[in-house]
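Please open the model in a viewer and keep the selection panel at hand.

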Amino acid sequence: MVGRPGASTPDASAHPPAPPAAPRAVADPTGYPPAAARSAVEVAREVERAHRESWSTVLASVVRLTRDLDLAEDCTQDAFVQALRTWPDGIPSNPGGWLTTVARRLALDRLRRETNLWRKLPLLIEAPGDVEQPTDPLRLVFTCCHPALAREAQVALTLRLICGLTTREVAAGLLISEPTAAARITRAKKKIAAAGIPYRIPADEELPARLDAVLTVVHLVYTAGHVAAGQVLTRSDLTGRAVELAKLLVRLMPKEPEAEALLGLLLMTEARGDARLSEDGELVLLADQDRSKWDGKLLAEGVSRATAALNGGGLGRFALQAAVAGLHVTAPSWEQTDWTQVVRMYDAMLISWPTPIVALNRAAAHSLVPGANLEAALAELDALSNEPALKSYAYLPATRADVLARLGRVQEAAEAYDAAITLTANETERRFLTRRRSSLAEHSARPAQQSPIPDR
Amino acid sequence: MAQYMFLLYDSEEWFDNLNAEEWQKAMELHGAFAQAVEAAGAKILGGEALERSTTASTVKNREGAEPLVTDGPFIETKEALGGFYIIEARDLDQALELAKACPSGNIEVRPVMDTSADAQPPA
């Protein structure tokens, strides 16, 4: 057990409390000399940038000091408020360092005033050390994605604590009500405190399983933004956050091929973003996308990240998914995609992750191999129809509809489209499926349609 | 003398409206119970208050698969409570690792509440 802190810690003696209301007194002892005065707009932009780039680092450093998530969050928030007030006099050369110093000082002041907070001791940590430790944000990530928290709590907590989103933004991003989001976050924090979920990076032997939870959460954040429920097809605020999270993980764990693979996968998906919607806002399938509209720079980085992950010995779930995405984006056209290789990747995935969704993707890819036995592909799909995990998954009937149409079984295809239309939660997708259904007769002979993933 | 385990089941609404006064009242009731046990010539050998069930984690030890850790209490009804341990561990991670080594199919891991004299009511 970690000893309960007494009156004095190394941090406490190093930083005597400063009157929080006096901007000068806050700015000076940080050791980051301010530059020339700046305009309000410029300051607001810099504070916003610091919020995006440094929120998790600042918060994580304060958590290590306070062991209390709520207190650490309050003080981090207050440090940003002070930045808005004092940065007009000059923006510090190291904004993140300035914010960390200020937030930690605010926390120490609060702890001295409310000494009983020490008793809560929710998070077990080593003795307070340097102001910034490079591994701080990683501890926070692993705390947020602890397996003893429900997945939905992990996602909400990650958005709140790592991305610095407000409860309202978390609610909007996940399309849940604000009270629901607040309850989820509060409950998770209480559990962290009461159950003693530690603030540490898992040991090597536990890392693979723990890392998988972290990557899954980041992927879920991306997916929530990529095909959001409701009217809009994508929510770029969420997808952007997910890409930033993936970049953070790669920076924090440069030797983990799965983290690099996830970043590669997300970048390749991002690169196709603009081509997914037509000018009148309709969904364009990967098969029909104008590949010249893809973002070449993002694609190149995505492919190179995926390649590095695969070469780094990674044959994990995300490396294989990134490999599939890579096969898509490097093909000159939909028809020329190496479907045989795509099927192989899904087969490899099925060995470690025999989930119905992977099996569905495999079946969809199988149906697209030139000269594929469509009856066999259909049988593969039908075998999945009783999977509980796919009961409300629109892509199963949508894929069946496509294969049935190509088999010339128009009536059954129409019924399958109806099932998919009922299941999808996205308006753009619903319109797309409806168009598909109504053009069944004319297009039934078309050779290759769409697999549900990766572009959905 | 024989030994018996008392399993205390109560509504958790108590936690929702908890204040110092309610907390004090609960402590006094348990103090009175302890006296009643002693007056009857019996003995309390051990006992702890538990944190609310939302702070629980459950470890399922499955044959031929990795143990599964989930959030929340053990809720299935086919299995029956068959024993208990009180473990002092470094943190929840160590407690969960030990639960994986515990010879039971399902172990609910619930934090013990701090009811010492200087403790605060649980958050």
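How far apart do the end C-alpha atoms of residues 3–114 of chain B lie? Select that span: the distance is 25 Å, and the span is 29% helix and 11% strand. Helices (H or I, at least four residues) and strands (E, at least two) are DSSP runs, numbered from the N terminus. UniProt, in an unreviewed entry, places the feature "domain: YCII-related" at these residues of chain B; its positions are given in the numbering used here, feature names are shortened, and annotations may be inferred rather than shown by experiment.

This is a predicted model, in which local features need pLDDT of at least 70 and side-chain atom pairs count only at pLDDT 80 or more, while totals for chains, interfaces and linings use all residues. Residues are numbered from 1 along each chain as its sequence is written, with chains lettered from A and ligands numbered from 1 in the order in which they are written.

**Chain B as a whole**

The C-alpha atoms of chain B fill a box of roughly 50 × 40 × 30 Å along the principal axes. Of the 123 residues in chain B, 15% are buried (20 or more other C-beta atoms within 10 Å of the residue's own, C-beta atoms being placed from the backbone). Among contacts in chain B with a separation of 6 or more, 65% are between residues 24 or more positions apart; two residues are in contact if their C-beta atoms, placed from the backbone, lie within 7 Å.

**Where chain B touches chain A**

Next, display both chains. Here 15 residues of chain B are in contact with 17 residues of chain A. On the chain B side, the elements giving two or more residues are β2 (68–71) and α3 (92–100), and α3(B) gives the most, with three. By class, this side of chain B has six nonpolar, four polar and five charged residues. Ala, Val, Leu, Ile, Met, Phe, Trp, Tyr, Cys and Pro count as nonpolar, Asp, Glu, Lys and Arg as charged, and the others, Gly among them, as polar.

**A helix pair in chain A**

Finally, select residues 374–382 (α18) and 395–406 (α19) of chain A, whose axes come within 10 Å and cross at roughly 160 degrees. The pair is therefore roughly antiparallel (an angle over 145 degrees, taken from 0 to 180 degrees between N-to-C directions of lines fitted to C-alpha atoms over the stretch in contact). Show the side chains of A:Leu374, A:Ala377, A:Leu378 and A:Leu381 in α18(A), which meet A:Leu396, A:Thr399, A:Arg400, A:Val403 and A:Arg406 in α19(A). This contact has six nonpolar, one polar and two charged residues.

Notes. Buried ≥ 20, exposed ≤ 12 C-beta atoms within 10 Å, placed from the backbone. Parallel < 35°, antiparallel > 145°, perpendicular 65-115°, else oblique.
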